[in-house]
Amino acid sequence: MDVAQLQLNIYSCLEQMTSNPVAEAALSDLNRLIDISTLYSDYAEKFNMAECQLAIIHCAGHHDPLLVQKLWRELLAQEINSSQYLPQVSVMSSLRNKILLLGNIYQAAEKFFPTQFIVQQLEVISCRGGWDQSWAIDTMLQIPTSHFHLHSTYTSLLQMKLPCWEQLGAPYHLHIVTSLLLTSYVAHLNNVPLLERKPLLCEIQDVIDAHVVDLQASVSAGSDVTSALSRFKALQASFNKY
């Protein structure tokens, strides 16, 4: 995206801030071409345009992992806030469309599309909102993100043992979601070359065995945990046919 297009995007965002007199005054300054640093500091950052900020640092090739995470956190929150008075299904659809749009733009550059961080944020949003447990997975697969990459991402998130899941009252949320992901993953294994399939199955089986141990140790297993455990055991049994 070139600087002129970035400036046009910022102009469009400012036009929507009709109740902000400072934003209205800034519009007149954008009638001339502004350099990219000024666009960032005096407009995108000043008016908290997270999506525009991300576009600018991507255009400039500026690598700052903590800033990228901050911008993703903010733009996800802004997208939800913009549709907060709509029905839940509309909020879910709006956020998914935003992720698909930005995924198509940035996914090729991991430093601007930090998959693990984004998945973590989406799962927290989904869990807090009581959304369909496969929503984040389905969203990422539609970008598309490969099953293998998502599997690695969720494995890493589980290993981090973040306190947010306990705080949300859903300590086994990632186990449950992973059971859905791996069920979908195994259903697509016929698309994996035969020589690669066996080592992949061994890896998945080890992961599933670990999930089964964790879930069987649960002292307060609800229906979701019980269903996840059943899915994992069904996957274990299905491996005999490969």
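**Close-up views of a predicted model**

**View 1. Cysteines without a disulfide.** The structure holds zero disulfides, a disulfide being a pair of cysteine sulfur atoms within 2.5 Å. Cys59 is in no disulfide, and the nearest cysteine sulfur, which belongs to Cys52, is 12 Å away. Cys59 is partly exposed at a relative accessible area of 32%, and Cys202 is likewise partly exposed at 42% relative accessibility; buried means under 20% relative accessible area, exposed over 50%, and partly exposed in between, with a 1.4 Å probe and protein chains only. This is a predicted model, in which local features need pLDDT of at least 70 and side-chain atom pairs count only at pLDDT 80 or more, while totals for chains, interfaces and linings use all residues. Residues are numbered from 1 along each chain as its sequence is written, and side-chain values use heavy atoms, with hydrogens and water left out.

View 2. Helix 4 spans residues 50-60, where helices (H or I, at least four residues) are DSSP runs numbered from the N terminus. Its buried residues are Ala50, Cys52, Gln53, Leu54, Ala55, Ile56 and Ile57, and the buried residues of this helix pack against helix 1 (3-15), helix 3 (36-44), helix 5 (65-82) and helix 6 (88-106). Just after helix 4, Gly61 takes a positive phi of about 70 degrees.

**View 3. Two aromatic pairs.** The structure holds two aromatic pairs, counted when the centres of Phe, Tyr or Trp rings (for Trp, the six-membered ring) lie within 6.5 Å, with planes under 30 degrees apart called stacked, over 60 edge-to-face and the rest tilted. The ring centres of Trp72 and Phe113 are 5.4 Å apart and the planes stand at 85 degrees, so this pair is edge-to-face. It links distant parts of the chain, with Trp72 in helix 5 and Phe113 in the loop between helix 6 and helix 7 (115-129), 41 residues apart. Both Trp72 and Phe113 are buried. The rings of Trp131 and Trp135, with centres 4.9 Å apart and planes at 80 degrees, also form an edge-to-face pair, and both of these tryptophans are buried.

**View 4. Nonpolar cores and the surroundings of Trp72.** The largest nonpolar core has 59 residues, a core being a set of buried Ala, Val, Leu, Ile, Met, Phe, Trp, Tyr and Cys residues joined through side-chain atoms within 4.5 Å. The residues with the most contacts inside this core are Ile10, Leu14, Leu54, Trp72, Leu122 and Tyr154, contact meaning heavy atoms within 4.5 Å. Not counting residues up to four places away in sequence, Trp72 touches Leu54, Ile99, Leu102, Phe112, Phe113, Pro114, Phe117 and Ile118.

Methods:
Helices (H or I, at least four residues) and strands (E, at least two) are DSSP runs, numbered from the N terminus.
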